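Student: I am new to this structure. Please take me through one part of it closely, then show me what surrounds that part.

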Amino acid sequence: MGIAIALAGNPNSGKTTLFNVLTGARQHVGNYPGVTVEKKQGRCVSGSDEFHVVDLPGTYSLSAYSLEEVVARDFIVKEQPAMVVNIVDASNLERNLYLTLQFMEMGISVCIALNMMDVAKKRGIDIDIAKLSSLLGLPVVPMVARTGKGRDDLLKIVADHAKTRTRSLKISYGRDIDEALDEMVEKISSEHFLTDRYLPRWVALKYLENDVQILEMGKEQNPQMDTWLSSVTRKLTHHLDTTLDTHPEGMIADQRYGFITSILKQGVMTCTRDKNRIETSDKIDKIVTHRFLGPMLMVAVLMGLYQFTFAYSAVPVGWCEGFFGWLAGRVDGLLSDGLLKSLVISGIIDGVGGVLGFVPLIMFMFLGISFLEDTGYLARMAFMLDRIFRLFGLHGASVMAFIVSGGIAGGCAVPGVMAARTLKSPKERLATLLTVPFMNCGAKLPVYALLVAAFFSENQARVMFIITLISWVGALLVAKLLRSTVIQGPATPFVMELPPYRLPTFKGLAIHTWERTWQYIKKAGTVILGISIILWAMMTFPRLDTAITADPAQVGTQQAAARQTDEEKVDQASAALRHSIAGRMGTAMEPVTRLAGFDWQTNIALVGGFAAKEVVVSTLGTAYSLGDVDPEDAGSLSERLQSAPGWGPITAFSLILFTIFYSPCFVAVVCIAKEAGSWKWGAFSMAFNTLLALGVSIAFFQTATWIMS
Amino acid sequence: MPYIQLRQMQVNQTGIIAGIKARGELGTRLRDMGLVPGKEIRILGKAPLYDPVSLRIMGFTLTLRNNEADHILVEVN
C-alpha cells in the first residue's frame, strides 16, 4: 500500500505541479464519492519507500461553505493519511499559512513544502527555514516544484515523520473566546461528543464559527449537547457584539492572522526590497486589464482560442471521419444488406465515430484553456467580464464556456459544457452548463444554412447575425430565469485572486489535457454508444414488411449507408421512416407542432436531430423522399422545401428558433449530466429546452401569421 | 484619520483595513483571503466597467465586486 500522503494547499501555489513531479504520468483521475470534485491520485517511489499520493482540491481555508473545502477536510478525517503535505507559496507566505494553521488545529501530521523559493528570492523575500520550522513545530522543506528541486528531500522528510503526530496547535483567541472554548472543551471531552473523529477543541471552534456541517453532525449525535453548545455560542456572540462590535467567526479569523504575523515578525521573513515596487505582473496588468486595450485584447484572445480549437482540430477530426467512413465502407462491402448491416453501420460505427469525432476538439479546447488558465489570463477575463455576466446571475468566467459552445457561430456544446469546469461557484456553474447549448454550434449551422438559403436568400448575412444575437440574448435571459427560479440563491462571493503571470510547463499542459480527454472517452463514451444504438432502433423499428434493404436511419455524421438513388427505394425509405417509432412520434406530435408550423416530416427530422443537430437536414431529406442528402450541400432539399405545402419564411424562421432552443444533442446531454453530477439536470435540459423552444416557436409562428394575414 | 468604504477608494490609494462588516459566507471568504483589520491595502485598478476592483494585500492581488467592497471599512491617509 505504501505511505499515504495528501497534498493540500492554496490554488495557484503549485500544488498540481508538485503532484505531477511526484507521480509523473502514473496518476488516476476520478471523483470524490458522490460529488463532482475531481480527485487525483498516484504513486511514487523514492529509495525503498513507496508513497500513495492524493491531490486534495486547492482551497484557501477549511470552512464548510464550499464543496472543495468540505471534501478536503472530510478526506483527512476519514482516510487518515499518514501525512498532509501542505504546499505553501514562499512568495506569498502570510496568506498561505492561514490554511496551514487550520490543519494544525485539526491535530493531524503536517509538513510544509515551501514552494517557489526561486520566485520569493527574486522578489527579495528571505525566509529563515529553520526558524519557521521550529516556531510552527513541523518540518519545512524548501522546493522549486517546477524544476523538481527538493522532491527527494520532501519524500525523505515524509518517510521519516509519517505517523508522528504533530502536537495540535492551540492559538489564543483572546480572553472571551478562550474562556468559552475551555468551558466547551471540558464538556465535549467528558461527553465524547464527536470525539471519535475530531479533537474537542476543534469541535468547539467549529461551533463558534457556525460551521454548518459540524452543527448538523452534532445535532444528530447528541441533540442535548448541540443545544448547550449553541447556547454558549449565542451568549458569546451577543457579548462580543455589544462590547467589541464583532462576532466569534470574525474574531477567530483575525486572531489566526495575528498569530501568523507574530511568527513572521520573529525574523522568519525579511524583505530586502521595497514592497511597493511594481512587479512585472502589475506592468502586464496595466495593459491587459486596461479600460480600452483590455477588452480589445480579450476579443483577440477569444478569437484565437476559437481558431485554435476549431480550425486546427479540423485535420484530426477529418482523419477520424475518414477512418470511420472507410470502416463503414468496408462493412458495407462485407455484410449483405439487412438489419445487421444497418445496426453495425448506423448504430455502432456512427455511434463510436460520433464519440471519437469529438476527441480532437476536446483535446484542443482543453489545451487552449489550460494554457490560458495556467498563465493567469483566465482570471483576468473573469475580472473584466464579471460586471456583465453577473447581471444574468452568472460569473465572469462563464464566458469561456459560451464562446466554445458557439458564442462565435460554429463551436460545439460538448467541449463548451466541459469548459465550465473552470468555474468555481456552484450555482453560477450550473446555470452556465444549462444555457450554453443555446449557442450556435457547428452542427446547427447546416440546418440554418439550408433554411436561410431556401427562404432568406437575399438577406443571408443579416439573418445569420440575427440568429447569433437571438441565441446570446436567449441564453442570458434563460440564465437569469433559472437563477431566479430553480437555481435560486445569492451570488457566490466573487473574492478572487489574480495570480501572477506564469509560463505554463509543457508537461503540466500535456498531462492536464490528456487526463480530461481520457475521462471524456471513458465516461461519456460508453453512454453515448448505448444511446446511439437506441436512436438507431427508434428510427428503424418497427419495420415495414417491404423495407428490408433501405436504411432510413441516418444516425450520426458519417452517412455511409448504401446510396440509393432509385426513386422507388427512396419513397420506400420515407414510408419506412414514418412507420418507425420516431416516425410515429413525429406524426403523433403533429397536432401540437402544427401551431408552430411544423409538419410530421419536420418532427421526425427534429427527433433525429437529438442524435446530432446536422442530422435534421439528412432526415428531412429522407422524410421528403429525396434519399440521402449531404448536410454540406443541400441544394436539392432547399428547392424541395420552397415548393412544399405549408413552408414559407415564417415556418422556416419558426424552425430556426426551435433549433436554437430545443434539447441539446444527446452527447451534450450526457456531458451536462456528468458535469452537473446528476442525471436530473440532463433530463431537465432536455425537457425544459424543448418546451421553451416549442413555446418560442408557437408564439412567433402565431404572431407572425396573424400579422401577415 | 477618516474611515471610508473600500468602494470609495481611488486607484493607487493606500489604507489600513479598519473593519469587516460582512458575516456568514461572504465574511468568511473575505477574511480567508486576508482582509482582516490591520492589514495594509493598495488599490491597483478597476475593471473596464468600474467593477470589480483589484487590490494588493500581503503581496498578492485580490479582486472584489463593489457590493462586496462595501462591507470593508478602510482608514486612509
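Tutor: Start at Val417(A). Leaving out residues up to four places away in sequence, Val417(A) touches Ala401(A), Leu433(A), Val436(A), Ala668(A), Cys671(A), Ile672(A) and Glu675(A). Touching means that C-beta atoms, placed from the backbone, lie within 7 Å. This is a predicted model, in which local features need pLDDT of at least 70, side-chain atom pairs count only at pLDDT 80 or more, and totals for chains, interfaces and linings use all residues. Residues are numbered from 1 along each chain as its sequence is written, with chains lettered from A and ligands numbered from 1 in the order in which they are written.

Now widen the view. Val417(A) belongs to the largest nonpolar core, which has 218 residues. Ala113(A), Val414(A), Val417(A) and Leu451(A) have the most contacts inside that core. A nonpolar core is a set of buried Ala, Val, Leu, Ile, Met, Phe, Trp, Tyr and Cys residues joined through C-beta atoms within 7 Å. Buried means that 20 or more other C-beta atoms lie within 10 Å of a residue's own. Another core, of 5 residues, lies apart from the largest one. Its members include Cys320(A) and Phe324(A).

Next, look at helix 16 of chain A, residues 359-375. Helices are DSSP runs of H or I, at least four residues, numbered from the N terminus. In helix 16 of chain A, 14 of the 17 residues are buried, so the rest of the structure largely encloses it. Just after this helix, Gly376(A) takes a positive phi of about 105°.

Finally, chain A meets chain B: 31 residues of chain A are in contact with 31 residues of chain B. Helix 11 of chain A gives the largest share of chain A's side, 5 residues.

Notes: Two residues are in contact if their C-beta atoms, placed from the backbone, lie within 7 Å. Helices (H or I, at least four residues) and strands (E, at least two) are DSSP runs, numbered from the N terminus. The expected span of a helix is 1.5 Å times one less than its number of residues. A residue is buried if 20 or more other C-beta atoms lie within 10 Å of its own, exposed if 12 or fewer, and partly exposed in between; C-beta atoms are placed from the backbone.
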